[in-house]
Structure formats: structure tokens, C-alpha cells
Amino acid sequence: LADGCYAAMFLACKSLATAPTLPATTLKNNCYDGMFLGCTSLNSITMLATDISANNCLGNWVNGVAATGTFYKNSAATWDNDDVVPSGWTVQNYSVTP
């Protein structure tokens with residue numbers, strides 16, 4: 001990934017229900033900023049990132065998505081769900097095989 005590479009990629013895409021799998025394990029500055037902002041039908045995200053320490057890499061990335069859904073999280077990730085997962089969503093671990 002590069003800084004800002006996927007920022008606002010699906011901004012306000014109201015018909016998107018399932019996000020494509022996000023395979024990057026290390027995020028860069030602003031890379032997912034606003035990615036799914038306003039995607040009101042979005043109810044499934046699979047994100048494999050284990051390192052989300054980059055500056056604003058997830059800023060506003062899931063604001064305005066569906067009120068309920070499922071977030072598939074890399075089982076090796078140690079970050080706090082509250083910082084990443086939309087409120088009201090269920091979290092399930094996703095095993096990544098080498």
C-alpha cells in the first residue's frame with residue numbers, strides 16, 4: 001500500500017453490501033480514510049490488517065454503514081475492535097494461512 005491509496009474509494013456507494021477482502025496486513029498513512037463513508041448497505045467487511053498504527057489510516061472509514069453487520073478480523077490482529085469495527089457489528093476471527 002501507499003499513503004492515501006484507497007482513501008474514499010467506495011465513498012457513498014449505497015448499493016455495496018459486501019466489501020472486497022482487504023488483504024493488506026500493514027496499513028499506510030490515510031490509506032483507508034473515508035473508504036466506506038456513507039455506504040449505507042454495507043454489512044460485511046473482511047480486513048486482514050494486523051498493523052493499523054499509521055497516521056489516520058482508518059479515519060471515517062466506516063461512518064454511515066449499515067447499523068448491523070459482520071466484521072471478519074485477522075485472528076492475528078491485536079488492535080482494539082472499538083477503534084476499527086462499526087458499532088453494532090459482530091466480530092468474527094478470520095484465519096489467514098501462509
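**A. β2 and β3 run side by side in parallel, joined by 5 bridges.** Here β2 covers residues 70-74 and β3 covers 90-94. Helices and strands are numbered from the N terminus as DSSP runs (H or I and at least four residues for helices, E and at least two for strands). Strands count as paired once DSSP finds at least two bridges between them. In this pairing, Tyr-72 sits opposite Gln-92 of β3. This is a predicted model, where local features need pLDDT of at least 70 and side-chain atom pairs count only at pLDDT 80 or more, while totals for chains, interfaces and linings use all residues. Numbering starts from 1 along each chain as its sequence is written, and side-chain values use heavy atoms, with hydrogens and water left out.

The whole open sheet has 3 strands in the order β1-β2-β3, with parallel pairing. β1 and β3 take the edges with a single partner strand each, so one side of each has no neighbour in the sheet. From one strand to the next, the twist averages 20°; the axes behind such angles are lines fitted to C-alpha atoms (for helices, over the stretch in contact), and the angles run from 0 to 180 degrees between N-to-C directions. What about β2? 4 of its 5 residues are buried, so β2 is largely enclosed by the rest of the structure. Buried here means under 20% relative accessible area, exposed means over 50%, and partly exposed is in between (1.4 Å probe, protein chains only).

**C. β1 (44-47) pairs with β2 in the parallel sense over 4 bridges.** Ser-44 faces Thr-70 of β2, and Met-47 has Lys-73 as its bridge partner in β2. Side chains in a regular strand alternate between the two faces of the sheet. Both faces of β1 are covered, with Ser-44 and Thr-46 buried on one side and Ile-45 and Met-47 buried on the other.

**D. A closer look at Ser-44, in strand β1.** With a relative accessible area of 14%, Ser-44 is buried. Setting aside residues up to four places away in sequence, Ser-44 touches Ala-17, Thr-18, Ala-19, Thr-70, Tyr-72 and Trp-89. A contact means heavy atoms within 4.5 Å.

**E. Over in strand β3, we zoom in on Asn-93.** Asn-93 counts as exposed, at 59% relative accessibility. Beyond its neighbours within four places in sequence, Asn-93 is in contact with Lys-73 and Ser-75. Ser-75 is 18 residues away along the chain, yet its C-alpha is 4.9 Å from that of Asn-93.

Asn-30 belongs to the segment before β1. Asn-30 is partly exposed, with a relative accessible area of 27%. Residues up to four places away in sequence aside, Asn-30 touches Gly-4, Ala-7, Asn-55, Asn-56 and Cys-57. Trp-61 lies 31 residues from Asn-30 in sequence and 9.7 Å from it in space, C-alpha to C-alpha.

**G. Leu-1, Tyr-6 and Met-9 make up a nonpolar surface patch.** Patch members have over 30% relative accessible area and no salt bridge, with like charges joined within 9 Å and nonpolar side chains (Val, Leu, Ile, Met, Phe, Trp, Tyr) within 5 Å. A salt bridge puts a side-chain nitrogen of Lys or Arg within 4 Å of a carboxyl oxygen of Asp or Glu. Met-9 is in the segment before β1 and is partly exposed, at 46% relative accessible area.

Notes: Accessible areas come from the Shrake-Rupley method with a 1.4 Å probe; for residues, only the protein chains shown count as cover.
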